[in-house]
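Here is a friendly walk through one protein model, written for someone who likes cut-offs stated plainly. Please have the sequence and the 3D view open as you read.

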Amino acid sequence: MYIPTINHLTDLSEILEFIQRFSFGTIITSVEGKPIATPLPFLASVQDNQIVLQAHFAKANEHWKYIVDQESLIIFQEPHAYISPSHYEKEQNVPTWNYISVHLYGKAIWAPSEEVSQRILEASIDFYESTYQKQWYGLSEDYKSRMLKGIVAFEFFVSEIQAKKKISQNRTEKEQVQIAEALSKSSSTQDQLIGEYMSKNFKKSK
């Protein structure tokens, strides 16, 4: 990913927070020279200063067969917003797009047992809907075993991070404030989120 220095996001805690907030990513792997992609919800944590992701495929999706012996790319890309030149102080300007995107390269290992798969699945339940845990634990062991046999859980160990936060850092202070305020008032959730990130970034720089 092309990342100008001004847009380079390097803070590991900020990257992790972004992934956890927008956790529905896309894993991309090359198979015989052709990229294949699967969108999945991911759990993210930091272990020994390295980002580790957990997720699972449906076993019927053969993508899981190719993630162990080669490098894959996982992309997290939300939110994004159109930026009108009407917010700029000079007329001679063009529209652009603000966005945040995190690209993670690495390799995966399959869960070595049904027990480990179950731990990953239950961690997902805890993260996405902890109130469902009671219902899950009340299901029969036979039913849960059959569900677990239909998935392939895995851990993904990140070896390279490319993170970009393009939120008008190259504009004047007045322009940044105007853009953030306009986006925050938009009816679009994506616009509002970019406005939120711009406001946070502006406060940090003060």
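## A buried lysine and its partner

K165 is buried, at a relative accessible area of 9%, where buried means under 20% relative accessible area, exposed means over 50% and partly exposed is in between, using a 1.4 Å probe and protein chains only. Its side chain meets that of E14 in a salt bridge, 2.6 Å from N to O; the term asks for a side-chain nitrogen of Lys or Arg within 4 Å of a carboxyl oxygen of Asp or Glu. This pair links distant parts of the chain, with K165 in strand β7 (residues 151–166) and E14 in helix α1 (residues 12–21), 151 residues apart. Helices (H or I, at least four residues) and strands (E, at least two) are DSSP runs, numbered from the N terminus. E14 is buried too, with a relative accessible area of 17%.

A word on the ground rules: this is a predicted model, in which local features need pLDDT of at least 70 and side-chain atom pairs count only at pLDDT 80 or more, while totals for chains, interfaces and linings use all residues. Residues are numbered from 1 along each chain as its sequence is written, and side-chain values use heavy atoms, with hydrogens and water left out.

## Other charged pairs

How many salt bridges does the rule give? The count comes to 8 salt bridges. One of them joins D142 and R146, whose closest N and O atoms are 3.2 Å apart. These two residues sit 4 residues apart in helix α4 (residues 141–148), so about one helical turn separates them. R146 is partly exposed, at 46% relative accessibility.

R171 and E175 also pair through their side chains, at 3.1 Å from N to O, and E175 is buried with a relative accessible area of 4%. Elsewhere, R21, E196 and K200 are linked in a network of salt bridges.

## Around N7

N7 belongs to the segment before α1 and is buried, at 8% relative accessibility. Setting aside residues up to four places away in sequence, N7 touches A163, K164, K165, K166 and Q169, a contact being heavy atoms within 4.5 Å.

## The nonpolar cores

In soluble globular proteins, nonpolar side chains tend to be buried together. The largest nonpolar core here has 29 residues, and I19, F42, L53, F76 and F154 touch the most other members. Such a core is a set of buried Ala, Val, Leu, Ile, Met, Phe, Trp, Tyr and Cys residues joined through side-chain atoms within 4.5 Å. The elements giving two or more residues to this core are α1, β4 (50–58), β5 (72–83), β6 (96–110), β7 and α6 (189–205). Its largest share, 5 residues, comes from β7.

L53 shows the surroundings well: leaving aside neighbours within four places in sequence, L53 is in contact with I19, F42, L43, A44, I74, F76, L104, F154, E155 and F156. Apart from this core lies another, of 9 residues, with I83, I167, L183 and I194 among them.

## Two crossing helices

Helix α2 (residues 114–128) packs with α4 at an angle of about 90°, the axes being 10 Å apart. Here axes are lines fitted to C-alpha atoms, for helices over the stretch in contact, and angles run from 0 to 180 degrees between N-to-C directions. That makes α2 roughly perpendicular to α4, a label for angles of 65 to 115 degrees.

On the α2 side, the contact is made by E114, S117, Q118 and L121, and on the α4 side by K144, S145 and L148.

## Backbone details

Which residues does a cis peptide bond join? The bond lies between E78 and P79, with omega about -15°, and P79 is in strand β5.

E32, in the loop between β1 (24–31) and β2 (34–41), has a positive phi near 55° though it is a residue other than glycine. E32 is exposed, with a relative accessible area of 83%. S168 is not a glycine either, and its phi is positive at about 65°. S168 sits in the loop between β7 and α5 (173–184) and is buried, with a relative accessible area of 4%.

Terms used:
Angles under 35 degrees count as roughly parallel, over 145 as roughly antiparallel, 65 to 115 as roughly perpendicular and the rest as oblique.
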